[in-house]
Amino acid sequence: MAGGTAVAASAGLPRSSAAQGAGGAARPVGVGAGSVPAMPVSLKVNGRAAHLVLDTRVTLLDALREHLHLTGSKKGCDHGQCGACTVMVNGRRVVSCLTLAVMHEGDEVTTIEGLGTPDNLHPMQAAFVKHDGYQCGYCTPGQICSGVAVLGEIKAGIPSHVTADLLAPAQVTEAEIRERMSGNLCRCGAYSNIVEAITEVAGGQTTERQG
C-alpha cells in the first residue's frame, strides 16, 4: 500500500529498512496534504521478532507479503470471503486481509512458512501432499493454516454450527471438518481430498461420512 514503510525486521526475516519510529505515537509518512499516519508495530512472526513502521491502514496480509516478504499467504478476494489469506494469530485463525497490522502489536503470527519446510513438513502439509489436497495450490497455504487451527478448535472444545451437543466435547467428524473449513474456498474443487488430509492428521477419528 502506498505510504507504508517496513523497518528493522529482525535477522532471519526477509529484507527490511533500518530506521524505526520512536515510541508508539503515530507519525506522518510523506509530506504535505498527502501525508498519512504511520505507527511502529512489533510482531512475532513464525517465532522471530519483526519491528515495522507501517501506514495505519496496512492490513496484516500486506504487512506479511509486502513488508516481510512472506508471500505464502495469498490475496484472493481481499474481502474475507475466500480464506486464501488465512494465518494464525496467537493460535487462532484469522483472514489476514480483514485485520489491520497495527491491531496486532505483540501478537504471535504463524504463516505457512512457519509451519514446516520442504525438508521437514508439518503433518498437515505432508497429509495434503499424500491425499492430493491441492491442485493449482493458490488456496493451499490458507487451507493448511485453517486445517491446523480447526483441529485446535475441536481439541479446545469450541463448538461449531453443526455441533449437536454444546455441553459435550466437540468431536472430529466429517461434518465438523466441512463446516469449520467452509470459509476456505478451493476453486479447483479438491474438497474431499482436503477433508481426508485433515482427518488423517486428526488421527482417523472421523465418525460419519457425508456425500
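## Residue classes and the model

Ala, Val, Leu, Ile, Met, Phe, Trp, Tyr, Cys and Pro are counted as nonpolar, Asp, Glu, Lys and Arg as charged, and the others, Gly among them, as polar. By these classes, the lining of the largest pocket holds two nonpolar, six polar and two charged residues.

The model is predicted, so local features need pLDDT of at least 70 and side-chain atom pairs count only at pLDDT 80 or more, while totals for chains, interfaces and linings use all residues. Residues are numbered from 1 along each chain as its sequence is written, and side-chain values use heavy atoms, with hydrogens and water left out.

## Largest pocket

A pocket is an open set of points on a 1 Å grid over the protein atoms alone, with protein on both sides within 12 Å along at least five of seven lines; a cavity is a set where a 1.4 Å probe fits but cannot get out, and lining residues have an atom within 4 Å of a point. Volume is the space filled by probe spheres set on the points, which are joined across faces, edges and corners.

The largest pocket has a volume of about 150 Å³. Its lining consists of G80, G83, T86, R93, V94, V95, S146, R180, G183 and N184. Strand β5 (residues 92-95) gives the most to this lining, with three residues. Strands (E, at least two residues) and helices (H or I, at least four) are DSSP runs, numbered from the N terminus.

## Cavity

One cavity of 30 Å³ or more is found in the whole structure. The largest cavity contains about 40 Å³ of space. Among its 14 lining residues, C77, D78, C82, C85 and C97 lie nearest the centre. The lining divides into seven nonpolar, four polar and three charged residues.

## Salt bridges

There are seven salt bridges, each defined as a side-chain nitrogen of Lys or Arg within 4 Å of a carboxyl oxygen of Asp or Glu. In one of them, R57 meets D55 at 2.8 Å, N to O. D55 is buried (under 20% relative accessible area; exposed is over 50%, partly exposed in between, with a 1.4 Å probe and protein chains only), at 0% relative accessibility. R57 is partly exposed at 43%.

E153 forms a salt bridge with R93, with the closest N and O atoms 2.8 Å apart. E153 lies in helix α4 (residues 140-155) and R93 in strand β5, so the pair ties together parts 60 residues apart in sequence. Salt bridges that share partners join R93, E153, E176 and R180 into one network. R93 and R180 also belong to the lining of the largest pocket.
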